[in-house]
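Hello,

Here is the structure I promised to pass on to you. Please have a look at it first, and then read on for what turned up in it.

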Amino acid sequence: MRLLLIGAPGSGKGTQAGKLAERFGIAHISSGDLLRQHVQDQTAIGRTIKSYLDRGDLVPNTVVMDMLRKPVVAAVEAGGYVLDGFPRTVEQAQASFPTARSLGAEVQAAIHLDVPSEELVRRLLARRRGSDDTEAVIERRLQVYLDMTVPLLDYYADREWKFAVDGTQAPDAVHEDIVAGLKKLALPG
Ligand code: AP5
Ligand code: MG
């Protein structure tokens, strides 16, 4: 099973990816978690990208794609993935497609977690993950989502394997809606 979760900051990508990974025995791959780990470990990548994360800007495509290649290939071999936070631009979707295709590992479903912005801000301010959960950076992350990721949703709009769920419900209810959507696509199977 190969899934994408697309949603604004705070929409519940990490929460739902965790539940899907557990339910279906697939790997949860979060671009944001991996990037934050690099910063924490002060790797070469971490030093390059820290300022982007702190501002709430997207890090350069090549950095994200190079970082994800290995874990995605390993996950494909091990039974599948749920990608949380990648792709988040049309450019990333287009750039990664040839690789996915050559691996025979094209995505089977893209799930949009739909949550209005007031609720997103409320959740993120309550969470305070770190330097990117301040009011100013949250605002920037939401703007980047509108500018860069909403066009990706439009790009996928007529794909039959893309669907949206109401992400304002309780986490378990969101999860069940996702599972119901996957069943409609005859996934898993
Ligand atoms: P990333 O880590 O992906 O952050 P994000 O998109 O801003 O989203 P979050 O992780 O904050 O939220 P989430 O949707 O995972 O929600 P969560 O489940 O945590 O990216 C961080 C940065 O990395 C980017 O700004 C960028 O710089 C860089 N980056 C990452 N990917 C990149 C890419 N592909 N290209 C370039 N740069 C990239 O939930 C949030 C909170 O709400 C939690 O407290 C949770 O408990 C709560 N919650 C969750 N679900 C519910 C619910 N149903 N009801 C009530 N509360 C809920
Ligand atoms: Mg997350």
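Let me start with the ligand. An oxygen atom of ligand 1 has a polar side-chain atom of Arg-36 at 2.8 Å, a polar contact being a pair of N or O atoms within 3.5 Å (within protein, one must be able to donate a hydrogen and the other to accept it, and residues adjacent in sequence count only if both atoms are side-chain atoms). The backbone takes part too: a polar backbone atom of Gly-85 is 2.9 Å from a nitrogen atom of ligand 1. At 3.3 Å from a nitrogen atom of ligand 1 there is a polar side-chain atom of Arg-123. On its own, ligand 1 has 1,000 Å² of accessible area, and the protein covers 87% of this; such areas come from the Shrake-Rupley method with a 1.4 Å probe, and for residues only the protein chains shown count as cover.

Before you go further, some notes on the model. It is a predicted one, in which local features need pLDDT of at least 70 and side-chain atom pairs count only at pLDDT 80 or more, while totals for chains, interfaces and linings use all residues. Residues are numbered from 1 along each chain as its sequence is written, chains are lettered from A and ligands numbered from 1 in the order in which they are written, and side-chain values use heavy atoms, with hydrogens and water left out.

Now back to the surroundings of ligand 1. A total of 30 residues surround it, and the closest are Thr-15, Ser-31, Asp-57, Gln-92 and Arg-141; a residue is near if one of its heavy atoms lies within 4 Å. By class, this shell around ligand 1 has 11 nonpolar, 11 polar and 8 charged residues. Here Ala, Val, Leu, Ile, Met, Phe, Trp, Tyr, Cys and Pro count as nonpolar, Asp, Glu, Lys and Arg as charged, and the others, Gly among them, as polar. With 4 residues, H2 gives the most to the shell around ligand 1. Helices (H or I, at least four residues) and strands (E, at least two) are DSSP runs, numbered from the N terminus.

The backbone has some features to look at as well. Phe-86 and Pro-87 are joined by a cis peptide bond, with omega about -10°, and Pro-87 belongs to the loop between strand S3 (81-84) and helix H5 (90-102). Another cis peptide bond, with omega about -5°, joins Leu-187 and Pro-188; Pro-188 is in the segment after helix H8 (171-184).

Gln-42 is not a glycine, yet has a positive phi of about 50°. You will find Gln-42 in the loop between H2 and helix H3 (44-55), where Gln-42 is exposed, at a relative accessible area of 59% (buried means under 20%, exposed over 50%, partly exposed in between, with a 1.4 Å probe and protein chains only). Arg-128 also has a positive phi, near 50°, and is placed in the loop between H6 and helix H7 (135-155). Its relative accessible area is 52%, so Arg-128 is exposed.

Lastly, which strand holds Val-165? Val-165 is in strand S5 (residues 162-166) and is buried, with a relative accessible area of 6%. Between the C-alpha atoms of Val-165 and Gly-56, which are 109 residues apart along the chain, the separation is 25 Å.
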